[in-house]
Amino acid sequence: MSDGALFRRFLALPQVETAGAMLLFRGVGREPDTRLLVEALLERGKTVCLPRCLPQSGMEARAVRGPEDLAPGRWDIPEPGEACPLLPREMLDLILVPALCYDRLCRRLGQGGGYYDRYLAGYGGATVGLCREGLLQEAVPVEAHDRPVDCVLTERETILRPGGSACGGKGMGGA
């Protein structure tokens, strides 16, 4: 399955253009395979981080230069090694948040580990989700700790979180 349209729409966001450092994810299962997106951002001179899982369901962002910096992690998802530079959460301008699916209120259904919900708690930068049109839901189940994203991109649509800034946070402009 090609996710080229999703990636083109993401790369065209003004928030991506102005961001210096971003946290992306490595797609697994039915999630978009972000390898080409990581490469495109590195070619643009962006600082690209990928998550590294920690004990007690924690997570950290580590900057990568390419696939050579990755090794299978705790869940067999490629992740950066300890030699990759650690970036504090407040240094990230944008986080691309993974999901099995999203709804029209920018809420996500994740894998159930809570890694991203904990990491996003208190985060002030822009958050974006990618969702294939066929997986976009009218509503997903939510719990009190679940964190919505600022905007969700499908192949043809930009969905902004009601009451939120337009893909906002940390001086970011609209989508």
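Start by selecting helix α3, residues 35-43, and show the side chains of its buried residues, Leu-37, Val-38 and Leu-41. Buried here means under 20% relative accessible area and exposed over 50%, with partly exposed in between (1.4 Å probe, protein chains only). Now look down the axis of α3: the buried residues sit within an arc of 100°, so they line one face of the helix. That arc is taken from the directions from the helix axis to the C-beta atoms.

A word on what's loaded: this is a predicted model, where local features need pLDDT of at least 70 and side-chain atom pairs count only at pLDDT 80 or more, while totals for chains, interfaces and linings use all residues. Residues are numbered from 1 along each chain as its sequence is written, and side-chain values use heavy atoms, with hydrogens and water left out.

Then step just past α3 to Gly-45, which has a positive phi of about 85°.

What covers the buried residues of α3? Select α1 (4-11), α2 (14-18), β1 (21-23), β2 (47-54), β7 (94-97) and β10 (126-130), which are among the cover. Contact means heavy atoms within 4.5 Å.

Finally, zoom out. The chain has 4 helices and 12 strands, these being DSSP runs (helices H or I, at least four residues; strands E, at least two) numbered from the N terminus. Its C-alpha trace spans about 40 × 35 × 35 Å along the principal axes, and 47% of the 175 residues count as buried.
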